[in-house]
Amino acid sequence: MSDDFGSAPQTRPVTSAGRSLFDSYRPLPGVPDELCDAAGHMRPVWAPLIDHLSAMSNQEVAEAFGRGEQHLADAGVFFRKYGDTNAATRDWPYSPVPVVLAQSDWDTITEGLMQRADLLEQIAADLYGDNDLIAQGHLPAELIAANPEWLRPMVGAQPEDTPYLHFCAFELGRGPDGRWWVLQDLTDAPSGAGFALENRIATTHVFPELYADANVRRLAGFFDTFRTTLSGLKSDANSAAAILTPGPLTDTYYEQAYIARYLGLPLLEGGDLTVQDGRLNARTVKGPLPVEVLWRRMDSVWSDPLELRSDSQLGTPGLMSAIRHGHVTMVNALGAGVLETQALMAFLPAISRALTGADLKLPNVATWWCGGEKQLAHVQRHASRMMIGPAQATRMPHEGTAPHAIGGTLFHSENSQVSTWLAANAPSLMAKELVTLSTTPVFENGALVPRPMTLRVFLARGPNGWDVMPGGFARVGAGQDASAVSMRRGGAVADVWVVADTPVATPTLLPAPSSTPFQRASTEALPSRAADNLFWLGRYIERTEGQLRLLRAYHGRRSEGASGVLLGTIAGQLSVHGVKIDPPLPQGLCQTLSGAVNAASQIRDRFSVDGWAALTDMEMTLKQMQKTARFGDDAALATGVLLRKAVGFAGLTQDNMYRTAGWHFLTMGRALERAAMTTSLLARWADPAAPDGALDLALEIGDSMIVHRQRYATIASRDSVIDLLALDPANPRAVRFQLDVLLDRVTGLTATSPQGYMTDFERGVRTLQTSFAVHRVETLDTKALNAALSEVLALSITLNSAFLQ
């Protein structure tokens, strides 16, 4: 074996250009390095990448890295702190230089992790089955019984021949001897697979030619196999496989939405699901949809408030019942988080020998449970070389806020002495040997510098056993502190290239050629929550546009010296929508647009990247303009810019959204809001008591000034304005037009109602549309308009009862 961590020597020479950049690289003394071997020579597998970088100028490097960062920005990749409703989303911390591993090195990792995943599967089956490991003394009973991740309701609940683990991740680090060590087992709801995909796509933007020519193992095949596996777990072709998310406040929500889009799976929250007669169903606008497979991205303990955590507002009541009946396959099984327990690692080597007769091929970092006398004494003697923390924790001690010690120094504890703290809390503590993580190069200030890194690798169960994603991602420290690889502490994330010795296949998610005649897939049933958010997205974006038109008219008239009465009329109309005129771009406008952004954020799996980028760009522009806009022409110009962005977003959704139920709800939201705003405006500004100029204002706000001049060739009168903005079925700004749209959209959504009956919403739309259609300008007075406004607003309530329960 060579010193290239298991890779065979390659004959490709290192070019002089490559050497020039490599010569400036200085590995940390006594620390293993991914780029350099122990003698300080470049590992051959890195040579093409280093050559490529060295041949680029600093400007070219900056432009290349910028392409990757721009892709991530355009895609809206972000992470946030879970549960903090005030936490701003943060840009994905991307490190453009990938970690490069030889295929032989990867084979060692793959073999070891598949063995480890099989062992963890056996342990889970025992802990929720016969409990032989505890009975035979391989595990202390108190370590499991007191563990909040061990779920008593799951004992005996898992159907026979159903695996506990389908999808796992492992955090790895390379030790000083060149071997990989497992730092953490991730078995409950492991995250990051989607981020690994986005990292890969970003890196292909940075190094397009190099990546195309290199023998880098592709990732698509891994996901294609797993998607096929999930589909194969269903017994009913009419049921669904779905992804369960805690919701948009989780730190990895973007990734969950991305994976859902990538695999074509619905992304459901706990409230989207209901259990009846032991069967799990999704609430959709077409009624209950059976769900047989649920890829769970929610921590186990929150999944069912009836039998697990009663304070959970994220889970689905009765989910445990569906599991006991064998009607749903959880990926992974509830309670799998017990396998992440930090202290469990202390017993894995012996358990492996007991259950399999073999040592772990990929061992974990040396770990001790402090509940035993000998183990406690050992930890006491060597505390300065250890990381000590909660035994029941599922994360490394430095990633939490619980009392812990690193290298003999206590953190988050009132005790001053590690020995005193250890003695007082021994049974609830575990200790891990402090490890020196290997470093990988990152590009800073025109040079490569070493930074500590860990590697996250993903495994998915397939028809023939475990399949390992040929890559994953690396967490790279912001400095030389190994504990700072966490993204919350400033760490970055890099792609991982597994380089084969021969050309690699380029799998895709496209289906294989088939002799079976092609059949168009049926449209997916839309979850009620998604329909609700699409409906309100339509309303909020239309309301934003209406407020912008009013504000532009106000500031334009103000700069022209309009009367206070006319300005007060516009301000009064704005106040109806909760918008005060001061400052020039008022907070009420920001709140309305934020409502649209929030609604869109709830449905990222169903919302295009371009649509999201356009919406967030509009919000960012408004926030910037709000700081500098001044009354008059300046604010009028600003609202014009924002108005064009709003119209552009509306056009984007109109042109790009597939005409399924989701588009119908978005369109109904816009139509209902526009009908309400126009009716409200006409009830006030077409009233005989309205001030001079109000009718012209109505035409301006209704974007109908030109067509009015063409059609009526006269000064605006009440009759012409009512005819054009209320009753004209050909004017997209008219109330009648919007009611026609509502009727057209709702007709296609009532197919699931009892035959011969229509929903209350359709009945209300038909009644209102008919009453408007038979009106004449002389009968549609202020009283009639106010009555119509009340009926339009009431439609929102009946829509909810008709489709969104």
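Colleague: By class, how many nonpolar, polar and charged residues does the lining of the largest cavity have?

Modeller: Keep in mind that this is a predicted model, where local features need pLDDT of at least 70, side-chain atom pairs count only at pLDDT 80 or more, and totals for chains, interfaces and linings use all residues. Residues are numbered from 1 along each chain as its sequence is written, and side-chain values use heavy atoms, leaving out hydrogens and water. A cavity here is a set of points on a 1 Å grid over the protein atoms alone where a 1.4 Å probe fits but cannot get out, and lining residues have an atom within 4 Å of a point. Ala, Val, Leu, Ile, Met, Phe, Trp, Tyr, Cys and Pro count as nonpolar, Asp, Glu, Lys and Arg as charged, and the others, Gly among them, as polar, and the lining comes out at six nonpolar, five polar and four charged residues.

Colleague: Which helices each supply at least two residues of that lining?

Modeller: The lining has 15 residues, with Gly546, Met677, Thr678, Leu681 and Ile701 nearest the cavity's centre. Helices are DSSP runs (H or I, at least four residues), numbered from the N terminus, as are strands (E, at least two). The ones you want are α15 (528-559), α20 (661-685) and α21 (694-701).

Colleague: And what is the volume of the largest cavity?

Modeller: The structure holds three cavities of 30 Å³ or more. Volume is the space filled by probe spheres set on the grid points, which are joined across faces, edges and corners. For the largest cavity, that gives about 160 Å³.

Colleague: Over to the open sheet: what is the order of its five strands?

Modeller: Strands pair if DSSP finds at least two bridges between them. Three bridges join β12 to β16 (residues 429-433), with Trp369 partnered by Met430. The pairing is antiparallel, and the order is β12-β16-β13-β14-β15.

Colleague: Which strands are at the edges?

Modeller: Look for strands that pair on one side only. Those are β12 (367-369) and β15 (409-411).

Colleague: How many residues of helix α10 are buried?

Modeller: Buried means under 20% relative accessible area, exposed over 50%, and partly exposed in between (1.4 Å probe, protein chains only). Among the buried ones in α10 are Tyr253, Tyr254 and Leu263. Helix α10 spans residues 253-263 and is mostly covered, with the buried count at nine of 11.

Colleague: Is Gly40 buried, partly exposed or exposed?

Modeller: Gly40 sits in the loop between α1 (16-22) and α2 (47-54). Because its relative accessibility is 35%, Gly40 counts as partly exposed.

Note on methods: 1 Å grid on protein atoms, 1.4 Å probe; cavity = no way out; pocket = protein on both sides within 12 Å on 5 of 7 lines; lining within 4 Å.
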